[in-house]
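Please view the sequence and the model together before turning to the points below.

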Amino acid sequence: MKNSVEKAAEMAEKINGRYDLTMKEMDEMYQEYRHDLFSLIYCAFRFGYMQGSKAVKAEIRKESIA
């Protein structure tokens with residue numbers, strides 16, 4: 001059974017750059033939550049979920065046009 005770090009590393013190869021987390025975005029999150037690790041992790045999770053939702057919607061739009 002793979003751990004979460006291994007799963008994330010494998011997924012990194014499949015992420016479209018338009019929906020990836022940039023260093024600027026990571027820095028913004030860190031500056032906001034550097035004293036609260038759990039809020040930092042939660043913010044990153046919500047951001048990833050939002051980006052994933054955008055990617056799915058874009059794929060659905062792409063398929064409906066084709």
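The points that follow are grouped by topic.

The structure is a predicted model. Much of this briefing concerns helix α3, which runs over residues 37–65. Helix α3 also supplies the largest share of the lining of the largest pocket.

**Helix α3: length and buried residues**

- Helix α3 has 29 residues, and at 1.5 Å a residue these should span 42 Å.
- The buried residues of α3 include Leu 40, Cys 43 and Phe 47. Gln 51 and Ala 58 in α3 are buried as well.
- Helix α2, residues 23–33, is among what covers the buried residues of α3.

**The aromatic pair**

- One aromatic pair is present in the structure. It is formed by Phe 45 and Tyr 49, whose ring centres lie 6.5 Å apart.
- The ring planes of Phe 45 and Tyr 49 meet at 35°, and the pair is therefore tilted. The cut-offs behind this are under 30 degrees for stacked and over 60 for edge-to-face, with the rest counted as tilted.
- Phe 45 and Tyr 49 are four residues apart in helix α3, which means that about one helical turn separates them.
- Both Phe 45 and Tyr 49 are exposed.

**The largest pocket**

- The volume of the largest pocket is about 530 Å³.
- Its lining is made up of 21 residues, and those closest to the centre of the pocket are Ile 15, Tyr 19, Gly 48, Gln 51 and Gly 52.
- The contribution of α3 is 12 residues.
- By residue type, the lining of the largest pocket comprises 13 nonpolar, four polar and four charged residues.

- Gln 51 belongs to helix α3. Its relative accessible area is 5%, and because buried means under 20%, Gln 51 counts as buried.
- Apart from neighbours within four places in sequence, Gln 51 makes contact with Arg 18, Tyr 19 and Asp 20. Of these contacts, Tyr 19 is also one of the residues closest to the centre of the largest pocket.
- Gly 52 likewise lies in helix α3. With a relative accessible area of 31%, Gly 52 is partly exposed.
- Gly 52 and Ile 15 are 37 residues apart along the chain, and their C-alpha atoms are separated by 9.3 Å.

Note on methods
Residues are numbered from 1 along each chain as its sequence is written. This is a predicted model: local features need pLDDT of at least 70, side-chain atom pairs count only at pLDDT 80 or more; totals for chains, interfaces and linings use all residues. Side-chain values use heavy atoms; hydrogens and water are left out. Helices (H or I, at least four residues) and strands (E, at least two) are DSSP runs, numbered from the N terminus. The expected span of a helix is 1.5 Å times one less than its number of residues. Buried means under 20% relative accessible area, exposed over 50%, partly exposed in between (1.4 Å probe, protein chains only). Contact means heavy atoms within 4.5 Å. Rings of Phe, Tyr and Trp (its six-membered ring) pair if their centres lie within 6.5 Å; planes under 30 degrees apart count as stacked, over 60 as edge-to-face and the rest as tilted. On a 1 Å grid over the protein atoms alone, a cavity is a set of points where a 1.4 Å probe fits but cannot get out, and a pocket is an open set with protein on both sides within 12 Å along at least five of seven lines; lining residues have an atom within 4 Å of a point. Grid points are joined across faces, edges and corners, and a volume is the space filled by probe spheres set on the points. Ala, Val, Leu, Ile, Met, Phe, Trp, Tyr, Cys and Pro count as nonpolar, Asp, Glu, Lys and Arg as charged, and the others, Gly among them, as polar.
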